[in-house]
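Trainee: Could we go through this structure together? I would like to begin with individual residues and then turn to the packing.

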Amino acid sequence: MSRLLLVCAALFAALLLASCATLSREQCEAGDWRAIGFNDGADGRPADRISSHAEACSEYGISVDNALYQTGRAEGLRVYCRLSNAERKGRSGERYFGVCEGELGVAFARVHAAGREVFNLEAELNSLDSEIDAKLAELRRGDPTPEQVAALTRELTILQTERRVLELRVRSADQSLSALRRQEENRLSQADIAY
């Protein structure tokens with residue numbers, strides 16, 4: 001029994017390690033380092049991602065072509081480092097690893113942070129909506145006493161007031177994001193930097 005358990009644990013560990021690898025054996029053997037670098041850049045992956053690839057491929061005795069990888073990554077970063085992408089990634093709650101450089105990097109970080117603020121406020125709003133729905137379900141369920149109805153009604157009134165305030169905050173954050181993006185586009189345009 002213990003031998004079977006040991007074999008299962010070993011298989012689980014192997015599967016876990018394999019799932020952590022950034023590249024498969026086939027990808028390492030194909031060695032399309034420029035394309036791998038491009039994809040990492042276009043996804044906004046940090047520069048140290050190449051270390052993970054090197055580690056994954058070293059298991060198969062394959063080394064990374066750093067020059068080709070860096071060329072591809074630079075091309076991918078030109079795709080990633082756009083203000084429209086900063087807004088989209090921020091609004092979807094994705095993490096930014098500070099990969100865009102110079103003034104474009106400053107603008108990207110600002111727009112991304114403003115987009116992330118909208119994402120966070122919308123997440124709060126969704127959470128509040130779930131809480132309101134739960135209270136409404138509680139009110140409809142069974143046969144609540146008049147005291148329970150009064151308590152739930154008070155709670156719902158407070159939650160709905162909080163929701164209206166939060167809706168205003170979301171709208172304000174959304175407007176601030178749009179204004180900030182226009183401001184950063186103008187700033188970059190004046191500096192003759194593509195955005």
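Trainee: Not counting residues up to four places away in sequence, which residues does Asp40 touch?

Mentor: Please keep in mind that this is a predicted model. With residues up to four places away in sequence set aside, Asp40 touches Arg45, Arg49, His53 and Tyr69.

Trainee: And where is Asp40 found?

Mentor: Asp40 belongs to helix 3, which covers residues 33-42.

Trainee: Is Asp40 buried or exposed?

Mentor: Asp40 is buried, because its relative accessible area is 6%, and buried means under 20%.

Trainee: Let us change topic. How many residues does the largest nonpolar core have?

Mentor: That core has 26 residues, and those with the most contacts inside it are Tyr80, Cys81, Tyr96, Val99, Cys100, Phe108 and Val111. Two or more residues each come from helix 5 (66-80), helix 6 (83-91), helix 7 and helix 8.

Trainee: Which helix gives the most to this core?

Mentor: Helix 7 does, with 10 residues. Apart from this core lies another, of 8 residues, including Cys28, Trp33, Cys57 and Tyr69.

Trainee: What does Tyr80 touch, not counting residues up to four places away in sequence?

Mentor: Among its contacts beyond four places in sequence are Gly41, Ala42, Asp43 and Gly44, as well as Tyr96, Val99, Cys100 and Phe108.

Trainee: Now the helix pair. At what angle do helix 6 and helix 7 pack?

Mentor: The angle is about 30 degrees, and the axes of helix 6 and helix 7 are 7 Å apart. Helix 6 and helix 7 are therefore roughly parallel to each other, since angles under 35 degrees count as such.

Trainee: Is the crossing of helix 6 and helix 7 left-handed or right-handed?

Mentor: The crossing is right-handed. On the helix 6 side, the residues that meet helix 7 include Leu83, Ala86 and Gly90, and their counterparts in helix 7 include Phe108, Val111 and Arg116. By class, this contact has 7 nonpolar, 4 polar and 4 charged residues.

Trainee: How far apart are Arg116 and Gly90?

Mentor: They are 26 residues apart in sequence, and the C-alpha to C-alpha distance is 4.2 Å. Leaving aside neighbours within four places in sequence, Arg116 is in contact with Gly90, Arg91, Gly93, Glu94 and Arg95. Arg116 is partly exposed, with a relative accessible area of 29%.

Notes
Residues are numbered from 1 along each chain as its sequence is written. This is a predicted model: local features need pLDDT of at least 70, side-chain atom pairs count only at pLDDT 80 or more; totals for chains, interfaces and linings use all residues. Side-chain values use heavy atoms; hydrogens and water are left out. Buried means under 20% relative accessible area, exposed over 50%, partly exposed in between (1.4 Å probe, protein chains only). Contact means heavy atoms within 4.5 Å. Helices (H or I, at least four residues) and strands (E, at least two) are DSSP runs, numbered from the N terminus. A nonpolar core is a set of buried Ala, Val, Leu, Ile, Met, Phe, Trp, Tyr and Cys residues joined through side-chain atoms within 4.5 Å. Axes are lines fitted to C-alpha atoms, for helices over the stretch in contact, and angles run from 0 to 180 degrees between N-to-C directions. Angles under 35 degrees count as roughly parallel, over 145 as roughly antiparallel, 65 to 115 as roughly perpendicular and the rest as oblique. A crossing is left-handed if the near helix is turned anticlockwise from the far one by less than a right angle, and right-handed if clockwise. Ala, Val, Leu, Ile, Met, Phe, Trp, Tyr, Cys and Pro count as nonpolar, Asp, Glu, Lys and Arg as charged, and the others, Gly among them, as polar.
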